[in-house]
Amino acid sequence: MANSAIEVKNLRKVYKDAAIPAVDNLSFCIEEGSIFGLLGPNGAGKTTTLSILCGLIKATSGEATLLGLSLNNKVQEIKQMIGVVPQEIALYPSLTAYENLRYIGNMYGLSGKNLRNKIQENLEIVGLSSHKNHRIETFSGGMKRRINLVAGILHSPKILFLDEPTVGVDVQSRNLITEHLHLLNKQGCTIIYTSHLMEEAENLCSAIAVIDHGEIIASGEPKAVIKEHGTENLEQLFLKLTGKTLRD
Amino acid sequence: MLRLYSTIQKEILILLRDKGGLIIMFIMPMAMITLMALIQDAPFRDYQEMKIPLLLVNNDKGDLGSTIDSGLYDSKIFEITKLSVNRDEVKQKVKSGEFNIAIIIPENASDLLNSKVSHFVTKKLNEAGLSDSAEIDESKLSAELNLEILFSPDTKKSFKSSILSSLKQSTSKIETQTLLELFNKELKQSDNGGNEKMKDFVNFKEINTVETKEEELKLNSVQHNVPAWTIFGMFFIVISMSGSIIKERDEGSYTRILTMPGSYITVLIGKISAYLLICLIQCVLMLMVGLYILPQLGLPVLIIGNSILAICVVAVSAGLAATGYGILVGTIFKTHQQASTFGAVSVVILAALGGIWVPVFVMPEYLRMLSEFSPLFWGLSAFHKLFLNGGDLNSIMPHVFKLLTFCFINLGIAYFYNKNHHK
């Protein structure tokens with residue numbers, strides 16, 4: 001049996017002045033080397049869970065360990081081992097691709113030839129090596145998504161968190177991103193991924209958890225979960241579990 | 001150190017590529033200094049060399065009229081016009097604002113004064129049994145000698161009393177001199193003693209408080225505007241800095257930084273260092289304008305005192321106060337528009353209170369009290385201490401302490417605000 005990359009026990013988060021918890025008694029385990037899809041409608045608690053696991057906010061109660069290290073007291077060590085690809089293009093538009101990646105690499109302690117090689121290598125993989133000296137503000141949506149992914153994996157993290165990494169991009173860019181995620185996973189990186197694109201999640205993920213109102217309502221291998229609930233695909237399963245009422 | 005260096009490098013690159021920001025940070029304050037120094041040159045000269053228009057109607061041919069005339073001339077504060085006009089015309093000229101003050105010395109005023117004093121002396125000597133002169137004419141003693149003074153309606157009370165006091169001093173001197181001469185004459189003392197002019201027993205000597213090899217320092221347009229707009233320009237960095245914080249937050253870079261290892265404080269120190277560097281460059285450029293450009297335009301050269309170290313300390317303190325304020329504004333406000341509007345308006349208000357537009361000493365008392373709370377006033381006062389009063393590092397420490405305290409208070413508020421809003 002594979003080791004756990006992430007173990008979450010009874011995680012609870014109540015925001016200041018909020019009447020109900022954003023995450024309530026959440027427990028799950030993500031195996032090392034898996035691609036884990038955290039799925040749910042808007043406001044279900046996905047971003048809160050990711051924010052706690054990335055060390056951005058503290059849980060009200062409960063415990064989470066990443067690669068055996070507790071978030072309560074080893075947050076800096078954990079931050080060195082994880083990579084985050086936020087939904088926003090979290091880069092500086094007036095800086096070039098290279099300048100952005102150099103800054104991010106420096107922040108992870110990378111420098112010199114090692115950093116330059118890593119930047120070059122990753123830019124080649126996402127097809128942006130010829131644009132490395134162009135400012136981000138001149139990039140198309142797909143190019144921005146690809147460089148955003150590189151910024152999250154430059155330091156070769158052991159766990160990668162992705163918050164809707166393919167939202168609003170062209171088909172070719174999406175294909176390249178998902179291919180690259182598979183490649184990273186094969187190299188041993190555990191991936192935790194959120195998306196509203198059910199088809200993409202079904203193809204990409206080795207395990208999923210559907211979360212709603214801060215609680216997990218279904219989890220397991222995608223095919224097994226689909227079969228268990230008697231639906232044809234992940235989208236039908238998602239609608240069956242979370243309903244058709246609009247969530248804004 | 002790598003994180004710190006990298007953050008400084010990143011911030012400077014972003015600033016250098018923001019052309020609008022560069023104009024706000026460098027070109028505008030330098031243009032302001034040049035323009036304001038040129039505009040305010042004449043008013044500052046007027047203030048320093050101000051002469052009050054005075055109309056003197058001297059109908060007296062004796063000593064009293066000429067002594068008052070020379071006393072007014074010696075005071076060097078009046079631009080004296082002498083005319084022979086009647087009282088109604090004098091009144092009209094003062095009322096119309098042509099003159100602020102008019103003095104009418106009546107005909108035969110000296111004779112009347114001599115007569116009054118002579119009768120007074122004779123009376124006193126008779127009473128003391130030292131003389132047996134003829135009878136005293138009491139009507140001459142009680143005859144009134146009035147010098148008429150007319151003030152324009154807008155004259156301040158304090159100014160009126162200082163003018164009246166000055167004139168009273170002149171007339172008293174003549175009275176005493178006349179009195180002494182007559183006493184001497186009556187007591188049949190030597191002519192030499194009688195003709196001897198009475199000297200003041202107590203004199204006032206003005207001591208210059210600044211010992212400098214340079215010409216006497218005065219608060220002129222350059223000495224005021226260069227440090228004033230330098231401080232203003234440094235504080236205007238609030239707009240760029242708060243904008244950078246908000247942009248970083250909106251674009252998600254702030255969140256990304258928080259997911260990276262290491263303390264955010266290092267990133268913050270990097271940001272402060274980059275903007276502080278910009279402030280210091282601004283300061284150097286603006287002082288250069290005062291030293292080299294303004295003299296080319298016919299204005300006096302900026303005198304910067306003797307302590308370059310103290311100037312650096314003031315510049316760093318003011319820069320830190322400005323960056324601390326920038327971080328607070330960027331933390332509290334949600335949008336760039338809100339932050340830039342609030343930042344600009346608040347700096348303009350603090351500048352007005354701090355004596356950037358007009359020196360604090362010409363403000364009313366209550367505004368002078370409010371000035372004490374403006375960080376721009378602290379910075380400007382520190383520069384004035386160095387540039388005008390020949391101050392050293394010790395003399396500016398109270399202002400430096402206030403500026404640094406202001407910086408830390410702003411950072412503290414920003415820290416707690418941020419903490420409470422990200423729970």
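Residues are numbered from 1 along each chain as its sequence is written, and chains are lettered from A, ligands from 1, in the order in which they are written. The model is predicted, so local features need pLDDT of at least 70 and side-chain atom pairs count only at pLDDT 80 or more, while totals for chains, interfaces and linings use all residues.

**View 1. Chain B and its two domains.** Chain B has 18 helices and four strands. Both are DSSP runs numbered from the N terminus: helices are H or I with at least four residues, strands are E with at least two. Domain 1 spans 2-45 + 220-420, and domain 2 spans 51-195. These bounds come from an automatic or database domain assignment. Over C-alpha atoms, the domain centres are separated by 57 Å. Of the 423 residues of chain B, 35% are buried. Buried means 20 or more other C-beta atoms within 10 Å of the residue's own; exposed means 12 or fewer; partly exposed lies in between, with C-beta atoms placed from the backbone.

**View 2. The contact of chain B with chain A.** Chain B contributes 19 residues and chain A 25 residues. Two residues are in contact if their C-beta atoms, placed from the backbone, lie within 7 Å. On the chain B side, α1 (2-16) and α12 (253-258) each supply at least two residues. α1(B) gives the most, with six residues. By class, the chain B side has six nonpolar, six polar and seven charged residues. Ala, Val, Leu, Ile, Met, Phe, Trp, Tyr, Cys and Pro count as nonpolar; Asp, Glu, Lys and Arg as charged; the others, Gly among them, as polar.

**View 3. The largest nonpolar core.** This core has 143 residues; F161(A), I191(A), F235(B), I237(B), V238(B) and V314(B) touch the most other members. Helix α14 (residues 308-332) of chain B gives the most to this core, with twelve residues. A nonpolar core is a set of buried Ala, Val, Leu, Ile, Met, Phe, Trp, Tyr and Cys residues joined through C-beta atoms within 7 Å. Beyond its neighbours within four places in sequence, V238(B) is in contact with A322(B), Y325(B), G326(B), V329(B), G343(B) and V347(B).

**View 4. Helix α6 of chain B.** α6(B) covers residues 109-127 and has 19 residues. From first C-alpha to last, α6(B) reaches 27 Å, close to the expected 27 Å. The expected span is 1.5 Å times one less than the number of residues. The buried residues of α6(B) are A109(B), S110(B), V117(B), H119(B) and V121(B). G129(B) follows α6(B) and has a positive phi, near 75°.

**View 5. The open sheet of chain A.** Four strands lie in the order β2-β1-β4-β5, with antiparallel pairing. Strands pair if DSSP finds at least two bridges between them. The edge strands are β2 (23-31) and β5 (69-70), each pairing on one side only. Five bridges join β1 (residues 4-13) to β4 (residues 61-66). V8(A) stands opposite A64(A) in β4(A). N10(A) lies in strand β1 of chain A. Its phi is positive, about 50°, although N10(A) is not a glycine. N10(A) counts as partly exposed because it has 13 C-beta neighbours inside 10 Å.

**View 6. A hairpin in chain A.** β9 (residues 207-212) and β10 (residues 215-220) of chain A pair in the antiparallel sense over five bridges. Two residues lie between β9(A) and β10(A); H213(A) in the turn has a positive phi of about 50°.
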